[in-house]
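This briefing goes through one protein model topic by topic. Please keep the sequence and the structure in view while reading.

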Amino acid sequence: MTNTTEQTDVLICGSGSAGLCAALWLSRYGINYKILEKRDGPLKMGQADGVQTRTVELFDSFNIAEDLLKDSYHVLELAFWNSNQAGGIRRSHYAPDKETALSHQPHVILNQARLNEIMVEAINRTGEIPIEYGVEVRSVEVDEEAANDPDAYCVHVKAAKDGVERTIAAKYVLGCDGAHSVVRKSLGFKMLGDSSDAVWGVMDVYPRTNFPDIRKKAVINSEAGNLIIIPREGDALVRFYIELPAGTVVKDVNKESLQKQAQLIFQPYTMEVAETAWWSAYVIGQRRADFFTKAHRVFLTGDACHTHSPKAGQGMNVSLQDGYNIGWKLGAVLNKQAPPSLLETYVSERQSTATELIDFDRYFTKLFSSKWRQENGISSEQFAEAFVKAGRYTAGQAVKYGESAITSYNKETEKLAPNVDVGMRFPTAQVMRFSDAKAMQLIKALPSICRWYVLVFAGDITDSAAAARLDKIATGLQAMAEELTPVGADPDSLIDPVLVLSGKRTVVEQEQIPEYFTPVTGKWGMKNLHKVFFDDESYNDGHGHAYECYGVDPALGAMIIVRPDQYVAKITQVDDVNGVADFFRGFLNPVGRPKLNGKHE
Ligand SMILES: Cc1cc2nc3c(=O)[nH]c(=O)nc-3n(C[C@H](O)[C@H](O)[C@H](O)COP(=O)(O)OP(=O)(O)OC[C@H]3O[C@@H](n4cnc5c(N)ncnc54)[C@H](O)[C@@H]3O)c2cc1C
């Protein structure tokens, strides 16, 4: 029985990592959306658990990293174990889990259910999450003619609960429904890629063992097979990933066979499993959907459009990043800040990320295969070295988005900040907040609150020429913000200025800072003093040397545009106000204000 048609601006199919991350943005943008989830309630346990540094940064940008960090296991060291040629295993060496420069955040382990819960809690703080459990999406259809009207509810989704089917009409639909995506199948899209799937067993156990590295992330390559140890949150639970022999069929795997395989790999160490909290066996091929969108009205995310092995711990992280990428863009389009063409960048950015991920996973999978290592003469030392080298990738820090309306490359001006990469996430450095002498990471000034950021590295304004230059920049940027920001909104609500000065903080007074950087905002109409920073020595936390970290010469300065998702959009001369204004005009909708050059829209 098919029931009435209801409407929503965005319909999210599936409440996994990708769906919830997109929902978090939509709640922040105040968008009308709904989530349909076929499970009866939230995920309780199991699935992924590796949280890359980039994912911790993402949670931090939403101001929800504290719970994540408090609850999780922190991965600091890797232990590599090999066959000892006598039927047992021996430790070859230890290695640090991440390069210090990779991120100021740690790599942690926390079960996916808790990660999902943290996102749900954050959404609930802005209003109750509009999620319906026990509803199965059955089909999705786009009325492509109607899709020409940006306001049309042109996507029709059939879903059923307790046998009662209904149709929901949406402007946009997100297929966040996992590897067996009904949304993808319904659109006729295919998964392309390798068919020779390896079977992996995974189990969360309480082990009784004399193996010395049981509380470290460890990779064991023994004659009996490969096993990865992932210590889990709390002090007791441990996860084992076990690669099962070629030809293994998932339905033949059971808890006992996994335990037996683990015991063989750990020999001569004892491995008694006191309890298995969760286990699963699953086949993951390296596959990517042939299309990520239908008419730019339905978008696939996460496992629905890419699957790969769990070795590099990418699945949940990349899926979160998909949701993070599409979420803010949908918010900006539905709030009429940007035209629907902005959504095309979701496909160009995340499709290439998925392709790179699958290529990386193929390489990583080979690396784990004892047969491939033997055939290619890869020693255990070379294996360990390659594993550590892959760290930037596995930390989620290698993603680089290509040229588009929202990512603008220029080899010449990029030399002004050579340690910052356009298309990559903005790196952080310690600075001191001018208003309260707080030493803090600059990235904290760029939270995920639906804003673009313009960072002005204006040098030392105790120098009168630098001060005069800053005044001029501020006047130009203020005119740009007035042109592009909707009437009645706070002046920093769309394009948020961040000023980073060099030199001594204590010899500069507030009145030397142009007012554009301390805008009057909020319900009390107060001056916002949280946007001005100095690259200076702090009382208790040393000197961050931010200019040096970014490679910015204080005499030359630089201006850097950062997207709402913390990726670098453009690096230009510090006084290139017109270039910055043109960049924003290139994709933001006009709001009917006079342009900088005096002409009207
Ligand atoms: C059983 C299992 C074990 C895994 N184990 C690991 C692991 O050990 N390590 C690792 O790194 N990765 C693991 N993964 C992969 C990792 O969990 C995924 O890469 C990640 O969850 C992908 O996020 P997602 O949001 O795309 O999909 P998911 O997190 O799978 O979320 C999809 C959601 O959609 C819902 N859904 C599906 N179909 C419908 C429908 N028709 N209507 C409504 N709702 C629907 C599902 O119930 C689910 O809640 C595992 C995945 C699974 C399924």
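The model is predicted. Helix α1 is followed by Gly 30, which has a positive phi near 70°. The chain is divided into domain 1, made of 6–68, 110–190 and 288–395, and domain 2, which covers 411–586.

**Helix α1**
- The 13 residues of α1 reach 19 Å from the first C-alpha to the last, close to the 18 Å expected at 1.5 Å a residue.
- Of the 13 residues of α1, 12 are buried, so the helix is largely enclosed by the rest of the structure.
- The buried residues of α1 include Ser 17, Ala 18, Gly 19, Leu 20, Cys 21 and Ala 22.
- Trp 25 and Arg 28 are also among the buried residues of this helix.
- A residue counts as buried if 20 or more other C-beta atoms lie within 10 Å of its own.

**Ligand shell**
- The ligand is surrounded by 33 residues, and the closest are Gly 14, Gly 16, Gly 178, Gly 302 and Gly 315.
- Two or more residues of this shell come from each of α1 (17–29), β2 (33–37), β9 (136–142), β17 (271–284) and α7 (315–334).
- By class, the shell holds 12 nonpolar, 15 polar and six charged residues.

- The centres of domain 1 and domain 2, taken over C-alpha atoms, are separated by 32 Å.
- Contact between the domains involves 12 residues of domain 1 and nine residues of domain 2.
- On the side of domain 1 that touches domain 2, the elements giving two or more residues are α1, α2 (53–61) and α7.
- Helix α7 gives the most to that side of domain 1, with four residues.
- The side of domain 1 that touches domain 2 has four nonpolar, five polar and three charged residues.

- Strand β22 (residues 430–433) runs antiparallel to strand β23 (residues 439–441), and three bridges join them.
- Val 431 has Met 440 of β23 as its bridge partner.
- Five residues lie between the strands of this hairpin, where Ala 437 takes a positive phi near 60°.
- Strand β22 also pairs with β28 (residues 532–535) in the antiparallel sense, over two bridges.
- Opposite Met 432 stands Phe 534 of β28.
- In a regular strand, side chains alternate between the two faces of the sheet.

**Backbone details**
- Gln 267 and Pro 268 are joined by a cis peptide bond, with omega about 10°.
- Pro 268 is placed in the loop between α6 (255–266) and β17.
- His 296, although not a glycine, has a positive phi of about 55°.
- The loop that holds His 296 runs between β19 (293–294) and β20 (298–300).
- His 296 is partly exposed, with 18 other C-beta atoms within 10 Å.
- His 545 is another residue other than glycine with a positive phi, near 45°.
- The position of His 545 is in the loop between β28 and α14 (546–550).
- With 15 other C-beta atoms within 10 Å, His 545 is partly exposed.

Key
Residues numbered from 1 in each chain as written. Predicted model: local features only at pLDDT ≥ 70, side-chain atom pairs only at ≥ 80, totals over all residues. Near = placed C-beta within 6 Å. Nonpolar A, V, L, I, M, F, W, Y, C, P; charged D, E, K, R; others polar. Expected span 1.5 Å × (residues − 1). Pairing = 2+ DSSP bridges. Domains from an automatic or database assignment. Contact = placed C-beta atoms within 7 Å.
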